[in-house]
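Reader: I would like to go through this model with you and ask, term by term, what each label rests on.

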Amino acid sequence: NNVMYLAAGMATAHDKKYDWDTVLKEKLLIPLGMNATTTDYDDVIKSGQIANGYYFSDIEQRYIKLPLVDRNNIAPATGIYSSASDMEKLLKFLISGTNSRGEALIKVNTLKEIYKPTMEVSPIYNYGLGWYVSEYNGEKLLDHSGNGEGFSSTIAFLPESDIGFVLLMNVSISPLQA
């Protein structure tokens with residue numbers, strides 16, 4: 001639920017007496033070396049490094065380009081602009097808890113707690129703290145999908161095998177996410 005991610009992001013920032021953008025930058029982006037990731041819409045527009053979003057019109061049977069929109073009003077859920085190489089850094093962190101220099105940014109026990117099932121969604125699918133938890137070939141699979149107007153994404157990984165993927169699409173809701 002995007003509104004809950006917004007609330008969690010704002011609560012974290014309020015607790016640290018920072019704005020959310022600063023907390024994200026200081027606690028995650030800088031330590032991970034995610035230099036091509038920002039929440040600053042104006043900077044992204046000026047750089048020219050932004051994808052156009054689309055949606056598929058069932059009536060017209062074609063993709064329709066959407067106008068670019070500043071999503072800062074719900075930034076913790078849909079207002080982060082990143083690159084494939086930076087998402088690789090994030091994925092490696094989610095699997096190991098460390099940055100590229102091997103520095104621990106989160107306790108291993110905290111990661112285990114985050115990835116532990118807390119709510120049954122179906123007989124084969126559970127939800128942890130922000131992650132769907134299921135199995136793939138007998139191994140724990142963690143994933144989360146996101147959708148915003150004109151964009152969608154999925155991140156999934158097998159922490160025991162140190163493998164995963166990030167799928168970023170410039171189209172609203174796609175069957176590729178499944």
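Reader: What do β6 and β7 form, and which residue in the turn has a positive phi?

Author: β6 and β7 form a hairpin with two residues between them, and Gly-150 in its turn has a positive phi of about 90°. Strands here are DSSP runs of E with at least two residues, while helices are runs of H or I with at least four, both numbered from the N terminus. Please keep in mind that this is a predicted model, in which local features need pLDDT of at least 70 and side-chain atom pairs count only at pLDDT 80 or more, whereas totals for chains, interfaces and linings use all residues. Residues are numbered from 1 along each chain as its sequence is written, and side-chain values use heavy atoms, with hydrogens and water left out.

Reader: What makes β6 and β7 a pair?

Author: Two strands pair if DSSP finds at least two bridges between them; strand β6 (residues 139–148) and β7 are joined in the antiparallel sense over seven bridges, and therefore they meet that definition. Within this pairing, Leu-142 stands opposite Phe-157 in β7.

Reader: Which strands are the edge strands of the sheet?

Author: The sheet is open, with six strands in the order β3-β4-β5-β6-β7-β8 and antiparallel pairing. Its edge strands are β3 (119–122) and β8 (163–169), because each pairs on one side only. β3 is joined to strand β4 (residues 125–127) by three bridges, and β8 is joined to β7 by seven.

Reader: Why is β7 called mostly covered?

Author: Buried means under 20% relative accessible area, exposed over 50%, and partly exposed in between, with a 1.4 Å probe and protein chains only. Six of the eight residues of β7 are buried, so the strand is described as mostly covered.

Reader: What makes a set of residues a nonpolar core, and how many residues has the largest nonpolar core here?

Author: The term is used for buried Ala, Val, Leu, Ile, Met, Phe, Trp, Tyr and Cys residues joined through side-chain atoms within 4.5 Å. The largest such core has 21 residues, and Leu-90, Leu-94, Tyr-115, Trp-131, Leu-142 and Phe-157 are those with the most contacts inside it. α2 (20–32), α5 and β7 (151–158) each supply at least two residues of this core, and α5 gives the most, with six residues. Contact means heavy atoms within 4.5 Å, and, not counting residues up to four places away in sequence, Leu-94 touches Leu-111, Tyr-115, Trp-131, Ile-155 and Phe-157.

Reader: How do you know that Lys-92 forms a salt bridge with Glu-88?

Author: A salt bridge is a side-chain nitrogen of Lys or Arg within 4 Å of a carboxyl oxygen of Asp or Glu. The closest N and O atoms of Lys-92 and Glu-88 are 3.3 Å apart, so this pair qualifies. Lys-92 and Glu-88 are separated by about one helical turn, because they are four residues apart in helix α5 (residues 84–96). At 53% relative accessibility Lys-92 counts as exposed, whereas Glu-88, at 41%, counts as partly exposed.

Reader: How many salt bridges does a search of the whole structure find?

Author: The search finds five salt bridges. Among them, Glu-103 and Arg-101 meet at 3.0 Å, N to O, and Glu-113 and Lys-116 have their closest N and O atoms 3.2 Å apart.

Reader: Why is Arg-101 called exposed?

Author: Arg-101 has 54% relative accessibility, so it counts as exposed, whereas Glu-103, at 38%, counts as partly exposed.
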